[in-house]
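Q: Hi! I have a model open and would like to talk through a few spots in it. Could you help me out?
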Amino acid sequence: MNKIFILGILLVSTFITQAQFPGAGRAGGAGRAGGQNVNIGHLYGKIVDKQTNKGIAGVSVQLWGNKFDTVSKQLKQAILKTVITQTNGDFSLEGLSIFGNFKMKLSAVGYKATENTVSFGIKFPAAGTQPDFAAILAAADKDLGNIKLEQDATQLQSVTVTSTSKPLFELGIDRKVFNVDKNLVSTGQTATEIMKSIPSLSVDIDGNVTLRNASPTIFVDGRPTTLTLDQIPADLIDKVEIITNPSAKFDASGGGAGILNIVLKKNKKVGYNGGIRTGVDSRGKFNGGGDLNVRQNKLNFFLSGIYNQRKSIATNLTDRNDFGTKPNQIHQDQKSTTDGYFGFLRGGLDYFVDNRNTISIAANYNKGQFNGEQDQQVDSTFSGVYKSYNLINSNSTSIFKNFGSSLSFKHNFEKNGHNISADLNYNYSTNSNNSLINTQNYYPLSINPTKAAIKQQTLGNGDNKFFTGQIDYENPLTENTKLELGARAAVRDYSNQNNQYFYNQTTGVYDYYSLLSSNYKYTDAVYAAYANISWKAKQFSYQLGLRAESSDYKGNMISATTGKDSTPFKVSYPFSFFPSAFVTYKLTDKQDLQLNYSRRINRPNFFQLIPFIDYSDPLNLSNGNANLKPEFTNSFEVSYNNAYKKNANLLVTAYFKQTDNLITRFQYKDKNPAPQLTTADSVVFNTYINANNSISYGLELTNKMPVTSFWDLTLNVNIYNSKINSTNVSNGASNERVSWFGKMNNSFKLKKGYSIQFSGDYRAKNVLAQGGGGGGRMGGGGGGFYMGGGSQSTAQGYNFPRYSFDLAIRKDWTWKNGQSGSLTISMDDIFRTQLSKTYSESVYFNQISERRRDPQVLRINFSYRFGKFDATLFKRKNTKADQSGGTEMMQGGN
């Protein structure tokens with residue numbers, strides 16, 4: 001009786017609302033007086049397989065109805081409830097309006113989606129009549145019975161970790177997304193090879209990546225990392241996101257080059273699935289690996305690993321003219337070989353505490369070893385007379401290890417899109433190297449050495465500890481307005497020891513040389529907070545953001561004799577503010593126009609700041625500059641995006657960047673501070689200074705289009721002008737050049753599961769970069785474990801034009817039980833055209849250098865996929881968590 005009495009009060013209230021606001025509460029939804037609606041309805045039932053009549057777990061049940069929109073003042077179709085069926089197929093929907101009709105949409109992996117109209121069959125009583133409250137209450141609890149779903153044979157056969165419907169490229173206004181699974185030429189390789197195929201990115205012969213002629217910040221899963229691109233296997237990457245002009249939500253460091261975010265594979269389908277892969281190249285090097293994912297109930301577990309052998313062969317020719325009172329010409333002919341391996345292991349789990357709380361733990365371990373051998377001949381000519389030549393042989397062994405871990409938590413509030421997340425990330429890497437260099441001097445046409453060989457040994461090691469903690473908050477204040485807040489702390493501890501020894505012919509042992517050795521450590525800390533507000537108004541979308549960051553360096557040289565800290569130095573940068581603004585105008589459903597702006601910073605690194613002399617090259621000494629100021633870059637972009645036909649997309653972007661206090665290399669001559677190393681009266685010092693500024697602007701066009709039903713073509717062209725102004729320093733000058741580069745990617749999908757990918761790139765003559773590239777071979781500007789020179793020590797110079805082409809062919813198989821396999825044959829630089837040639841000069845020398853690395857390497861790779869998406873795998877009750885099977889999207893770095 002109490003329930004009937006309450007129901008009567010609710011119905012009377014509803015009748016009054018209906019008289020005042022006709023249409024409120026009808027058509028199965030929430031009316032204008034949502035709180036007065038009779039939301040006591042209960043629908044329940046069971047989803048079963050049409051053939052077996054057994055219950056189906058993990059079915060998504062969505063109930064649609066009308067909902068009052070406070071902006072348009074009209075009723076609109078919206079999702080009212082969503083549940084996931086239990087292990088036996090049962091589902092229950094409560095708190096529903098008892099009036100009107102609903103649409104119930106059902107979807108599940110391996111079944112055809114269905115849509116049904118349901119209702120309680122209750123109508124408003126006629127005016128003047130007494131409603132039957134008992135009958136209404138009984139009808140408000142309705143059993144829909146068994147609802148049958150039909151299996152989708154086509155979908156069952158194509159169930160794999162990555163959906164086959166993904167295109168190779170997805171283009172948007174704020175970012176470009178490259179789906180790695182569709183890139184054939186990078187199979188069995190590393191992230192470096194992937195970058196060669198991505199629009200907007202340029203990769204040099206050493207694997208250094210630039211974005212619009214500057215080095216981007218590298219993220220993995222939306223977070224900073226100590227991994228280099230050569231340490232990340234291509235087969236474990238799901239996609240790569242390019243964010244050319246990040247908002248205030250992202251880290252302001254890195255200057256104006258933007259962010260390169262590598263998203264690793266992580267599957268969340270119910271059941272188990274996985275794969276194994278193996279391959280070999282024409283140099284006899286093997287690669288293999290596998291992955292496994294298990295998802296059931298409140299746990300999602302993933303594990304993947306890979307082992308990769310690599311052999312790299314490079315040649316280098318250099319001709320250098322040294323100016324001065326005794327002109328000297330040097331010709332250098334060099335060949336280097338690096339042979340080794342690396343392994344990568346990654347695992348983790350997601351724990352779905354309940355519908356609104358998720359805890360995730362992940363870790364990865366990476367280890368590798370590379371042995372290098374280098375032979376070179378250096379010919380020396382003084383005043384036009386060929387005087388002597390040196391034969392130099394070096395052998396080295398380098399070992400690296402990397403451990404990374406993350407712990408994250410996310411809480412979803414009741415309102416859709418309202419959430420808070422927090423995570424902690426810790427990365428720890430170590431490296432060690434041991435090299436022996438033997439230098440023998442000869443007179444021309446003589447086979448007898450002029451003197452005993454100079455033998456040098458280098459023993460080095462270092463470690464890098466990187467900790468980040470951050471928190472992000474999102475709140476959709478209204479349907480068209482969203483607020484984002486966040487804070488981040490990042491602390492890096494770095495130490496390095498490099499000891500140099502020379503063989504003593506008298507004693508027969510290696511003597512320690514303190515002037516050529518170094519031992520130092522530093523701590524780099526950055527603290528930040530941001531706020532973003534975004535809203536929509538008719539055809540316009542707006543976003544305004546502001547970020548505040550501060551940082552400081554603390555460094556120490558460690559005494560070679562006592563092993564204790566000495567000569568410390570500290571550089572601090574107070575809080576700086578970095579605004580961002582985005583305005584998007586939706587021209588049509590397929591066309592968008594956007595204007596955006598951001599301010600970013602590039603702080604000097606430790607090696608640019610350290611105020612101590614490096615004597616490793618006695619004729620070219622190096623020292624940092626503790627008075628360097630950070631670079632500040634203002635970036636503007638105007639973008640036009642047009643999805644002009646099915647599977648086609650045109651993106652046109654005009655951009656402008658201005659950088660003040662440009663950090664550039666600088667050379668000067670001064671008195672020789674170490675006469676025991678060389679008899680020269682004066683030597684060249686290499687350091688860093690703040691030049692006036694640099695300006696770059698350009699136009700980038702990316703067009704993705706289907707040429708025929710089996711041929712997709714993506715073209716990317718970037719035309720730009722780059723100007724460096726360093727007239728504020730002695731011997732400084734302006735360096736300006738208009739240049740361009742282009743890329744093409746052809747994908748052919750043929751019959752019987754065959755596909756072909758043919759890609760190429762061309763880079764015109766361009767200004768020599770001022771700093772090392774980003775994420776190159778084993779970290780940095782082309783040196784490290786793979787040997788090879790970085791950027792030249794000069795503000796003047798250019799790169800000659802270069803171009804190359806890659807080719808891959810793949811055969812795919814799909815079997816009836818849902819398993820699949822593929823065989824890929826690929827070759828990089830198939831026409832042997834990739835040649836890196838540079839010209840550099842200063843008041844002290846000019847130099848031409850050309851290098852070639854790893855042309856025409858053939859690779860064969862096979863992969864096998866398996867999976868069983870069965871929600872009854874562990875015979876436990878399922879949760880209502882996400883069953884989409886998609887990989888996680890980037891949460892956004894801050």
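Q: Which residues is N475 in contact with, leaving aside its neighbours within four places in sequence?
A: Those are K415, H418, T481, K482 and L483, where contact means heavy atoms within 4.5 Å. This is a predicted model, in which local features need pLDDT of at least 70, side-chain atom pairs count only at pLDDT 80 or more, and totals for chains, interfaces and linings use all residues. Residues are numbered from 1 along each chain as its sequence is written, and side-chain values use heavy atoms, with hydrogens and water left out.

Q: Thanks! Is N475 buried or exposed?
A: N475 is buried, at a relative accessible area of 11%. Buried means under 20%, exposed over 50% and partly exposed in between, using a 1.4 Å probe and protein chains only.

Q: And what does the side chain of N475 make a polar contact with?
A: Its partner is the side chain of Y473, at 3.1 Å. A polar contact is a pair of N or O atoms within 3.5 Å; within protein, one must be able to donate a hydrogen and the other to accept it, and residues adjacent in sequence count only if both atoms are side-chain atoms.

Q: Switching over, what does Y44 touch?
A: Not counting residues up to four places away in sequence, Y44 touches F91, S92, D141, K142, D143, L144 and G145. Y44 is partly exposed, with a relative accessible area of 26%.

Q: How far apart are Y44 and D90?
A: They are 46 residues apart in sequence, and 7.6 Å apart in space from C-alpha to C-alpha.
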